[in-house]
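I am opening my notebook beside a structure that is new to me. Come along as I look a few things up.

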Amino acid sequence: MSNLPIADYALLSDCHSAALVSRHGSVDWLCFPRFDSPASFARILDEDGGHFSIRARGETAVSRRYLDKTLLLETTFRTTSGKAVLVDGLVVGRNERGHELGAEAPHALLRHLRCTEGTVEVELTYAPRPEYGLIEPLLVPMEGGIRGRGGAHMLFLTSPVPIEITDHSTGSARFTLRTGESVCFALEHRTADQQPASAWSQKAIEQRLDDTAEAWRTWSDLHQAYEGPWRELVEQSAVVLQGLTYFPTGAICAAATTSLPETEGGSRNWDYRFTWVRDASLTLHALWVAACPDEAHKFFDFLAGAALTKVRQGADLQIMFGIRGEHDLSERELKHLRGWRGSRPVRIGNGAWTQRQLDVYGELLAAVEQLRESLGALDPYTRRFLVAVADNAAARWRENDQGIWEVRGPPQHYLHSKLMCWVALDRALRMADELDAPRRIEAWTREREAIRAAILARGWSEKAQAFTRTFDSEDLDASNLVIPIVGFLPPDDPRVLATIDATVRRLTDEHGLVYRYRTADGLPGEEGTFLLCTFWLAEAQALAGRLAEATATFSRAASYANDLGLLAEEVAPRSRELLGNFPQAFSHVGLINAAWAIFQGLEAQRARRPGERLEPPAGRAGT
């Protein structure tokens with residue numbers, strides 16, 4: 001099994017696929033050619049799952065950082081005899097800039113190691129294991145490196161140093177670098193029906209790494225406009241969200257991995273390498289804060305193409321899709337993998353695709369309304385799709401569902417689902433002219449007010465002194481913190497303030513982090529505190545004018561980011577380690593939005609305009 005902490009990993013992305021690199025220079029997760037492809041390296045899920053490591057022997061200290069405004073990783077190894085710097089990147093197409101970042105990714109991992117002081121002994125291990133470790137490929141020498149074939153995949157490793165092949169499937173090398181010397185490696189993917197790749201020159205590898213760094217910087221310079229507190233964390237979160245975007249379709253992955261657990265050794269292990277309507281919509285909203293959202297139109301085109309026909313036929317809006325628009329995401333177990341620290345089963349696919357989750361209507365329409373200036377005129381297909389989404393919210397809000405947390409138990413009347421149906425109709429009414437839907441205004445208004453009355457009558461508990469998880473109950477749910485965020489009630493409404501206080505009392509652990517809920521959910525085992533929920537608490541506190549509390553809550557949650565600013569989904573209650581798939585888009589979305597809310601509050605306070613919501617800085621809504 002793999003034992004490294006999840007926080008030990010760094011993300012690489014070419015906006016097609018992702019890799020995770022450990023603090024010690026080992027690529028322990030890599031999916032070529034897409035985020036959802038079978039992994040060629042999966043040691044993060046099993047010690048025998050495959051890896052590609054380059055490390056300094058006898059290292060005494062390791063530090064790392066991302067090159068400024070990029071997802072190129074720089075790792076510095078120190079030994080008693082010298083220092084070496086390793087730069088890793090999944091490279092994008094040549095001369096890609098700005099909005100074109102990731103357009104023509106060559107599906108290549110490039111690694112450049114340079115000795116900057118003294119002498120450094122280096123150890124390299126190359127053990128590809130395609131199809132999630134199921135295959136031990138045949139490695140054979142080729143000019144300038146090694147060719148590996150396993151099943152439907154071919155991997156071509158360029159190496160300037162001789163690599164010894166053992167057992168036909170593992171390569172290793174040891175060599176020494178002196179001050180000023182460097183070596184470059186390239187790992188390129190091909191499918192069995194493509195032409196084989198040839199070796200890369202050392203100069204070409206260096207140039208493509210430099211070119212990829214410039215591509216990321218031009219994207220950041222074009223998009224980043226946030227000027228508030230925690231600027232570095234907010235900007236890094238925006239880069240991470242871009243790194244989780246699949247360029248060909250605009251789909252946004254919930255995370256880069258599968259089956260990193262919610263409990264160490266537990267079974268709450270899910271595949272997050274798909275695009276959830278909810279997560280992607282909230283991601284677009286966060287990019288409105290942290291970056292120019294010009295790519296939003298591509299996501300909406302993708303979603304309309306994937307879902308329009310079924311929604312117009314009156315079916316539920318499917319809650320998630322494959323990154324190329326696939327509907328069937330059937331779940332299965334990989335029984336040959338032992339899981340991160342023994343957390344089994346390891347799953348691919350996600351059975352939640354068949355669930356009804358009514359809140360997605362609201363998240364989607366809220367994102368469209370927020371971004372409508374950037375989106376410009378909607379094409380007829382998108383208008384029809386969005387009108388159908390609003391109609392479905394109006395028709396279905398009285399029904400029960402599995403809710404935002406995808407509970408694998410009997411459907412219930414979750415308050416958050418009703419709330420987001422209210423949001424769907426509220427935002428549709430704001431956009432009625434743009435949607436060419438004046439004839440629906442009366443019906444949408446009637447249903448919006450009916451939802452409001454039901455939430456106030458059945459969702460508020462005098463005994464609990466809070467809005468509750470489900471209608472007519474006393475259990476709490478952190479998702480109700482979004483009531484003021486979406487504008488259902490003013491942030492200083494006594495019921496909102498009471499819900500914030502009840503959340504702090506009943507859903508917050510001794511470290512100040514928030515659980516989603518504390519009631520049985522039909523699954524075995526426990527889970528950690530949720531970083532998204534903690535950021536929601538900070539955002540709600542900020543909107544309520546409790547800026548000191550909001551700042552403290554935000555700081556506690558943000559302190560769990562690793563040294564590269566990356567967040568997983570949860571924090572373990574006892575060990576305080578990051579848990580869950582990594583990096584997690586939802587957590588970075590929460591960080592961005594909470595930071596923005598606190599910034600709004602501080603600016604309003606300085607201007608002596610308590611509670612006023614600010615418009616985004618110039619350039620936020622587009623370029």
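Are Asp271 and Arg273 buried or exposed? I looked both up: Asp271 is buried, and Arg273 is buried too. For these words I use relative accessible area, where buried is under 20%, exposed is over 50% and partly exposed lies in between (1.4 Å probe, protein chains only). Asp271 and Arg273 also form a salt bridge, with 2.9 Å between the closest N and O atoms. By that term I mean a side-chain nitrogen of Lys or Arg within 4 Å of a carboxyl oxygen of Asp or Glu.

**Ground rules**

I noted that this is a predicted model, in which local features need pLDDT of at least 70 and side-chain atom pairs count only at pLDDT 80 or more, while totals for chains, interfaces and linings use all residues. Residues are numbered from 1 along each chain as its sequence is written, and side-chain values use heavy atoms, with hydrogens and water left out.

**Confidence**

Next I checked pLDDT, the predictor's confidence in each residue, from 0 to 100. The protein chain averages 92, and 96% of the residues score at least 70. Over residues 614-623 the pLDDT is below 50, yet beyond near neighbours in sequence this stretch has 30 contacts in the model. A contact here means heavy atoms within 4.5 Å.

How many salt bridges does a search of the whole structure find? I wrote down 51. One that I followed up joins Asp88 and Arg111, whose closest N and O atoms are 2.7 Å apart. Asp88 lies in strand E8 (residues 82-90) and Arg111 in strand E9 (residues 108-127), so this pair ties together parts that are 23 residues apart in sequence. Helices (H or I, at least four residues) and strands (E, at least two) are DSSP runs, numbered from the N terminus. Asp88 is buried at 0% relative accessible area, and Arg111 is buried at 0% as well.

I then turned to Asp316 and Arg396, a salt bridge with its closest N and O atoms 3.1 Å apart. Asp316 sits in the loop between helix H5 (296-312) and strand E19 (320-321), and Arg396 in helix H8 (residues 380-396), so the pair ties together parts 80 residues apart in sequence. Asp316 counts as partly exposed at 25% relative accessibility, whereas Arg396, at 13%, counts as buried. I also found a network of salt bridges with shared partners, which joins Glu369, Arg372, Asp426, Arg427, Arg430, Glu434, Arg448 and Glu449.

Why is strand E3 (residues 26-31) largely enclosed by the rest of the structure? Because six of its six residues are buried. I count two strands as paired if DSSP finds at least two bridges between them. E3 pairs in the antiparallel sense with strand E2 (residues 18-22) over three bridges, and Val21 has Val27 as its bridge partner in E3. E2 and E3 form a hairpin with three residues between them, and Gly25 in the turn has a positive phi of about 80 degrees.

E3 is also antiparallel to strand E5 (residues 51-56), over two bridges, with Val27 opposite Phe52 of E5. With strand E4 (residues 39-41), E3 again pairs in the antiparallel sense over two bridges, and Leu30 has Phe41 as its bridge partner in E4.

**Helix H13**

My last entry is on helix H13 (residues 531-543), where 13 of the 13 residues are buried, so the helix is largely enclosed by the rest of the structure. Just after H13, Gly545 takes a positive phi of about 85 degrees.
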